[in-house]
Amino acid sequence: MNERLNQLGQAARRLNEGSDQLNGLISAIDKALSRLMIGMDYVHPRPLSETMSIGRDGKRVIELAFLGYLRIQSEYHLCIKTVKILESKVALASETAGTVTPLLSAPRTLRHSAVDVLPELIQVLSHQVGDLVAQMERRCSTAKALLEQLEGLEAQIAASREALGQTGG
């Protein structure tokens, strides 16, 4: 029995040390994303966990937890978005706002599972930012061309007024 307790103690110590290290890495990733000031909402479509229970009315309640990158108060952070779906309201599931918890405040199992999905989340954010940059550059080019046309028109009008002023004066 002492051997088993010793093994359990060692395993628990290794789990806690590893978890602390993983938390530090998640925190560093979250801060790095924050410094990039991406400011875009994203929730990974594949749930990290799914639990089912029976509500007081006898209907099933399914709780899904997703990894996300969302605004929490005034800043964007890695987070867990949890959505509860009532069996009687499955059709309304996509309209459920759910709750958002910073990833570092989520239960250990969700934090650990989230790390497996982080590369996909970052890849999607990267693509979204790239798409936005391309759109912004196209829009800047359009706005610049429009501004040049307006300034040219403005110069023509000013020249016409000046010419009229010289001939009329």
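Predicted model: local features only at pLDDT ≥ 70, side-chain atom pairs only at ≥ 80, totals over all residues.
Leu150 lies in helix 2 (residues 108-168). Leu150 has a relative accessible area of 48% and is partly exposed, a class between buried (under 20%) and exposed (over 50%).

## Strands 2 and 3

Strand 2 (residues 49-54) and strand 3 (residues 60-72) run antiparallel and are joined by 6 bridges; pairing requires at least two DSSP bridges. Ser49 faces Ala65 of strand 3. The hairpin has 5 residues between these strands, and Gly58 adopts a positive phi near 85 degrees there.

## Overall chain

The chain contains 2 helices and 5 strands, in the order α-β-β-β-β-β-α. Helices (H or I, at least four residues) and strands (E, at least two) are DSSP runs numbered from the N terminus.

The C-alpha trace spans about 110 × 45 × 25 Å along its principal axes. Of the 169 residues, 24% count as buried.

## Basis of the values

Residues are numbered from 1 along each chain as its sequence is written. Local features need pLDDT of at least 70 and side-chain atom pairs pLDDT 80 or more, whereas totals for chains, interfaces and linings use all residues, and side-chain values use heavy atoms, without hydrogens and water.

Technical notes. Buried < 20%, exposed > 50% of the residue type's maximum accessible area, 1.4 Å probe, protein only.
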